[in-house]
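Reader: I have the model open. Can you talk me through the strands?

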Amino acid sequence: MFDVCIIGSGIVGSLCALKLSKYQLDVLLLDKDNDVGNEASSANSAIIHSGHDPKDNTLKSKLNIRGNQLWEELANELSIDFKRVGAFVVATNEDEEIALKKLYQRTLKRGIEAKLLDRNEAQKCEPHLSDSVSLVMSLPSTAIITPWEASVASVENAVDNSVVLELNQKVIAIEKKENCFEIKTESNCFEAKIIINSAGIYADDIYRLVSPQYPLHINPRRGEYFVLDRFCEPFISRVIYPMPSSIGKGIL
């Protein structure tokens, strides 16, 4: 019997495994895929956001800021890619300028380093910035990583510290016993005293294996990425965001 079973080896499950591996615990990490971090944790924009965008007084805004502060130390610990390239949030008309100035004030209130730049100042930093850009907020704390490295390095470290990794183990049933949970996969059965549900967009499905009447449903939205060949010289040197709108963050 394991002390803890973590379901899902994306970035959250991987880092849970890494953290728990530092204690005297028998830990099991399960994933339905044939490798760790195979889904959203690898196929994303690779950005460590500054924390300027989430709504006020939300857990997301709090954790976004704290996470940005912690990532550099974690990257050094795991010897993975991490670079604070900074970001621009750009406005292209008067209405967007008004919204950007409000976003700037909110950003400062959160203790995030930021600066407003006019078009000439911004184009000195980014010569290829569109001529339609009229006002820019600079966010120096924004960083980029190689996303899959984070999950892989975390799990490698955790396994070195005796965490048991089981891949190709899709969980199909969970039964509460007197002193543990019985976790059934398509090919195996495990027992654990505690379950950590880190199944990402499938976390609601896992929860319903224990509580069938669980009312919440995850409805994921998916964007598209264009992968471009490398330029002979860098085209831009930082992340460029449009002003967010009611329908999303736009093309960055």
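**Strand pairing**

Author: Ile183 has Phe190 in E12 as its bridge partner. Strand E11 (residues 181-185) and strand E12 (residues 189-197) pair in the antiparallel sense over 4 bridges; strands pair if DSSP finds at least two bridges between them. Strands (E, at least two residues) and helices (H or I, at least four) are DSSP runs, numbered from the N terminus. This is a predicted model, where local features need pLDDT of at least 70, side-chain atom pairs count only at pLDDT 80 or more, and totals for chains, interfaces and linings use all residues. Residues are numbered from 1 along each chain as its sequence is written, and side-chain values use heavy atoms, with hydrogens and water left out.

Reader: What order do the strands of the open sheet take?

Author: The order is E9-E2-E1-E12-E11-E10, with mixed pairing.

Reader: Why is one side of E9 and of E10 left without a neighbour in the sheet?

Author: Strand E9 (164-166) and strand E10 (171-176) stand at the edges and each has a single partner strand, so one side of each has no neighbour there.

Reader: Different topic. Is E7 mostly covered or mostly exposed?

Author: Mostly covered: 5 of the 5 residues in strand E7 (residues 135-139) are buried, meaning under 20% relative accessible area (1.4 Å probe, protein chains only).

Reader: Which way do they point from E7?

Author: Leu135, Met137 and Leu139 point one way, Val136 and Ser138 the other.

Reader: And which residue in E7 is the bridge partner of Phe88?

Author: Ser138. Strand E5 (residues 87-91) runs antiparallel to E7, joined by 5 bridges.

Definitions and conventions: Buried means under 20% relative accessible area, exposed over 50%, partly exposed in between (1.4 Å probe, protein chains only).
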